[in-house]
Structure formats: structure tokens, C-alpha cells
Amino acid sequence: MPVDIDAAVIANRRLSADYNVLSFAAPAIAATARPAQFVMIKTSGGLDPLLRRPFSIFEILRDASGSPSGISIFNKRIGAGTSLLSRVEAGARLPVLGPLGRPFEPVDPPAEAWMIAGGVGLAPFVTLAAALAARRTSATLFYGARRAEELHCVDLFEALGVTVVLATEDGSGGVRGRITNPLEAALQARPLANPVKLYVCGPTPMMRACAALAATHGRACDVSLEQVMGCGLGGCYSCVVLARGADGGAPHHTRTCIDGPVFDAQRVVWD
Amino acid sequence: MDLSLTIGSLTLQNPLIAASGCFGYGVEYADVVDLSTLGGVAVKGLFLAEREGHPPPRIVETPSGMLNAIGLQGIGVHRFIKERLPELRERHAVVIVNICGTTLDEYVELARILSDARGVHAIELNISCPNIKEGGITFGCSLPGTHDVVSAVRKVTRLPVIPKLTPNVTDVASFARAAEEAGADAVSLVNTFLAMAIDVHTRRPKLTNIVGGLSGPAIRPIAVRMVYECRRAVKIPIIGIGGIATADDVLEFMIAGANAVQVGTMNFVDPFIWEKLMDGVREYMTTHAIARLQDIVGTVDTSARETAWLST
């Protein structure tokens, strides 16, 4: 059951000119949040911007006793709302509604989990990595960006025992080229008897390519989709994506907020 | 403290209604708001058949408002009755079903079907959606069309009939009058204003549908004026709609002439808005010693202002 908290900003950690991690005191959201669930944040006190913005829950923060005390978001400055969130200072309060949406379901050993992130699509994977670590599921992060300066927070994954594979389009970090190249090599190298599940979040062309690779190699693949959202609760029907029914029926405009954001990649109509 | 009102044979416990198209089928919000505490729930517009609506992007923000072109995606009346209405009934929601037709016969058929469904309390006629080409708006933009669809539906149902009017006409009050003459129990207004937003860098419209309907606080003063005009034209109850964000906004619409209001866009911004609006209205009633909220309806004081101080 989602709650709306007038949440205090604990810290604004600036990662670069474009990226920051914003943490909020929000124990009631942190207590029930699951991997890839999201929150709707009102970025200003006034009417402009009017609507809340959806953000994946990046981290679940804990107090000294280990109890969930807050959440953070991984923010990339793109438009008016995200610009405001890049500038907000500790102590400010913003309405935060959540947790919302269908989560990633972590797999258990002996299956492995491969997380494929592109750019700001890193956002849902820290919580997933933590859930996988708790199950002792072996996990790999394939993380791609345009250049090395846009690769962030890799240390969070290494601390959780995740194997990290990096790629940049200009070759300034990790392997040169798209992250789907090392992913494809890994898929080809892995015997079919060794189960692996793919979890993907990033730009649509990357997710489409990952879905195709997963299908080719016969691997389960979940994607976390991002759409323009009005309400986050299923009220407005603005965030739809064309997806087949869970029963394999004909494609329908399906709400990303309550039927997603996580979908089986093979349900999504990618073109 | 009496917040109730009546629309035809229906009594609403308070004037706060969730606006159609902004509240799904009601059940989506059952986790965050006790549906039985609302005056009513106007569910998303239904045709006879299921509809897929327009491709995204379907919404875009504008100053103090938003444009939408959802295109009336919906599950159709039969699935609504089977899959959503039982839960609404269980939760004791006052259900106002918004219906849309491409022909007059479709409105009549929908009204017939809904009149037989247990748990439907009123029918709102969507003759004002700006986002689809066929039906709907063609009735709402013509006085004879409005009259014909209201009187045809009136003949086949005992449920209160509430045509939802478009602001995209020269004189909304004449449409309210046509609806009243045709036997409407109330009118609701306004639906969204036909509008457009363009990305100057790509020179492309920001919505796939090119144009969409503007809603939110940006339209409120226009909607208040239209409610005021309609109040002077008709006796039947008016449901005011347009960017309501605070209790003062509810009261403003009522003083202009609305008996009840619908809240849409601001429910997206704050799904917990209902309790805040209710508390604010109650506080106003206490402050101003108002026992019966309906007593403020249409009480806007337009008499000449006291100007004696100007000459002193």
C-alpha cells in the first residue's frame, strides 16, 4: 500500500554535472520497497512543474540498527523537474509517494542474475543486487554509457559482490562499444544447462536488443520500462506501452505504472 | 453540518466527485482513498466495445496544467460490469458511469445496459471529449445534437442523466439549457479545452494526436466563469469541473453556481487530496456558520461595490 510522505532530503550527492543521488528520510516507504519499485516525487511546491515525476528507488537506506530509514534516487538532469532535483539541498522537504509498481523478482541459486544497465537505467539495480546478495545468487552487472565519466556508483555493486562488466561507446571506460557486445559474448559462452536470468533497464534500443538476445539464447528476461507518467497509480492511462497479455494474448496498451514497470521482455512489442 | 445534495433521485453525501478519466475505474485508488467517503466516483469513459486509445506520448505538461490525448482507451461496458463494478459495489462507492458513443443508438444501448446493472448510481454522458473524431463531441457541439442524445437516453433510464459539457463552444449556457429542456438531471462542466503544444527544436507536436485537452489549475478561472453563466441559465444541479486544487477552489465553484464539483488533474498530483478538500470545506462552514453547504450555491455577490471611500 503506497504512502505519501513529506520527506526530508538527507543529502544531495552530486556525481557529475548531470547526475546526482538524492536521499530522503522515508522509513514507511523503505520498509516495504522491493527491487525496481518506484516513487512519484513532487519536484516543486507550486504548480510548475505540476505533475510528480517517477523515479526508481535507487537504494534502501538503513539506520545504525539496520532498520530501513529512507530511500535514494539516481537523478539525471534532463527537464524541468529533474533540474530542480539536481539543485535541491539537504533539509528541504518534498512529497514522495510510494512504493509503486511491480518489482523485479530475484532468482535463487543455482541460477545466476545478469543485470544490464544503460545510462540512467542503472537506477533499479542496486536494490536488485542487494536482494540477490541476500539470496546468495551470483550476479553480474553489464553497465554501459557513452563515456567513462557517465559510469557511476560501480562501488555500490562491488561492495555487494557483483561482478561488473563496463562498456563505453567512446572506449574511455571498460570495453569500447555497446554493452550488448560483452553481453552477447557471455550468453554464447554459457552452457544452456546453467540457468541465468536477464534484468534490463536502459534506453529503448538497448532493451530491444537485449530482449532479442535473450530470445535467441533462450533465456528469461525482464525489463524495467520508463514512460511519461501522470499519476503512478493507474488513474490516467498516460504511461501505456504496447504489450501482450500475460497469457500471450493480443498486444494492448498496458499501463507501465501498475502492470509494470517490470515486464517480461517477450511480452513487449518493441517496434 | 450538512454537505449533501441531490441530483434527480440520487443523494450524494458530499459534493466531492472524482472526475472521469482521472480516476481509472475507481478500484485503482481503493488503496489510497476510502471510496465510500467520496460524493461519487465518475469512472473512465466507456464505449460498448473495448478501445485501445492513442499511441503515447499521451500527456504533456504545460504551465499549471497538462494536455492529454488518451483517446478514450477503455475496457468496454461489459467487462466493466463484470470485472470492476462488483468491487466498487463492495466498497460502497457511488458510481457515476461516464458513457461515450459514436452514434445516438450506442448511447441508448449503453444506458439500457447500465440501468440493469446493480451498483450504478448515475450516468454521465460524455459528449465533450476533444480527442476522438467520431461521435461524442459532435453531439456536444451542436444544440440539437445535445438535446437529442439527452432526450433519447432519458427515455430508457431512471438513473440520473448528467451530460458533461464541452467548453469548446461559444456559449456553454445555451448547451446547459438544451440539456435541461431534454430532461437532464444535472450538467457537469467543463471537459478539457482543445489545445496544442509544439517542440520548437523538432517542430513536432508534443502529443502523438497533435492536439489534446488542457486541464488543471490553468483553466480554473474560465471554468468558474462558465459555471456562473450556466447557473443563470438553468435550474438543475451543476457539477463544476476545472483545476480544483484546494478547498477554496471547491467553494469558489459552488459560490459561482455549482452544486457539486469534480476533481481530476490535481488527484494525479495528490491522490490524498480528498481528505484535505473535505477538511477545508468543513472548516469554512464552521468559520462562516454555514449549516447546509448547498446554501452557498450561486451566492456570488455581483451587486455594485461600495465606492463611498473614493470621494472621501
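1. What covers the buried residues of α5(B)? The cover includes α4 (143-156), β9 (161-164), β10 (187-189) and α6 (220-231) of chain B. Helices (H or I, at least four residues) and strands (E, at least two) are DSSP runs, numbered from the N terminus. A residue is buried if 20 or more other C-beta atoms lie within 10 Å of its own, exposed if 12 or fewer, and partly exposed in between, with C-beta atoms placed from the backbone.

2. The model is predicted, so local features need pLDDT of at least 70 and side-chain atom pairs count only at pLDDT 80 or more, while totals for chains, interfaces and linings use all residues. Residues are numbered from 1 along each chain as its sequence is written, and chains are lettered from A and ligands numbered from 1 in the order in which they are written.

3. Helix α5 (residues 172-181) of chain B has 7 of its 10 residues buried, so the helix is largely enclosed by the rest of the structure. Those buried are B:Val172, B:Ala173, B:Phe175, B:Ala176, B:Ala178, B:Ala179 and B:Glu180. Just after α5(B), B:Gly183 has a positive phi of about 105°.

4. Chain A contains 6 helices and 16 strands. Its radius of gyration, taken over C-alpha atoms, is 18 Å, close to the 18 Å given for 271 residues by the globule rule (2.2 Å times the number of residues to the power 0.38), so chain A is as compact as a globular protein of that length. The C-alpha trace of chain A spans about 55 × 40 × 40 Å along its principal axes. Of the 271 residues of chain A, 50% count as buried.

5. Contacts here are pairs of residues whose C-beta atoms, placed from the backbone, lie within 7 Å. In chain A, residues 24 or more positions apart make up 63% of the contacts with a separation of 6 or more.

6. Chain A is divided into domain 1 (3-100), domain 2 (106-223) and domain 3 (225-271); the bounds come from an automatic or database domain assignment. The C-alpha centres of domain 1 and domain 2 of chain A are 24 Å apart. Their contact takes 13 residues from domain 1 of chain A and 11 residues from domain 2 of chain A. On the domain 1 side, β5 (59-62) and β6 (68-76) of chain A are the elements that give two or more residues. That side has 9 nonpolar, 2 polar and 2 charged residues. In this classification Ala, Val, Leu, Ile, Met, Phe, Trp, Tyr, Cys and Pro count as nonpolar, Asp, Glu, Lys and Arg as charged, and the others, Gly among them, as polar.

7. Is A:Ile57 buried or exposed? A:Ile57 is buried, with 30 other C-beta atoms within 10 Å. A:Ile57 sits in the loop between β4 (53-56) and β5 of chain A. Beyond its neighbours within four places in sequence, its contacts include A:Phe38, A:Ile71 and A:Thr127.

8. Strand β8 (112-118) of chain A has 6 of its 7 residues buried, so β8(A) is largely enclosed by the rest of the structure. Strands pair if DSSP finds at least two bridges between them. β8(A) runs parallel to β12 (residues 196-201) of chain A, with 6 bridges, and A:Trp114 has A:Leu198 as its bridge partner there. β8(A) also runs parallel to β9(A), again with 6 bridges, and A:Ala117 stands opposite A:Tyr143. From β8(A) the chain crosses through α3(A) to β9(A) in a right-handed β-α-β crossover (with the strands pointing away from the viewer, the path from the first strand over the helix to the second runs clockwise).

9. Some backbone details deserve a look. Cis peptide bonds join A:Asp48 to A:Pro49, with omega about 0°, and A:Pro109 to A:Pro110, with omega about 10°. A:Arg136, not a glycine, has a positive phi near 60° and counts as exposed, with 10 C-beta neighbours inside 10 Å. B:Leu72 also has a positive phi, about 55°, but counts as buried, with 23 C-beta neighbours inside 10 Å.

10. Between the chains, 28 residues of chain B are in contact with 24 residues of chain A. On the chain B side, β5 (59-62), β6 and α8 (265-269) of chain B give two or more residues each. That side divides into 15 nonpolar, 8 polar and 5 charged residues.

Notes. Contact = placed C-beta atoms within 7 Å.
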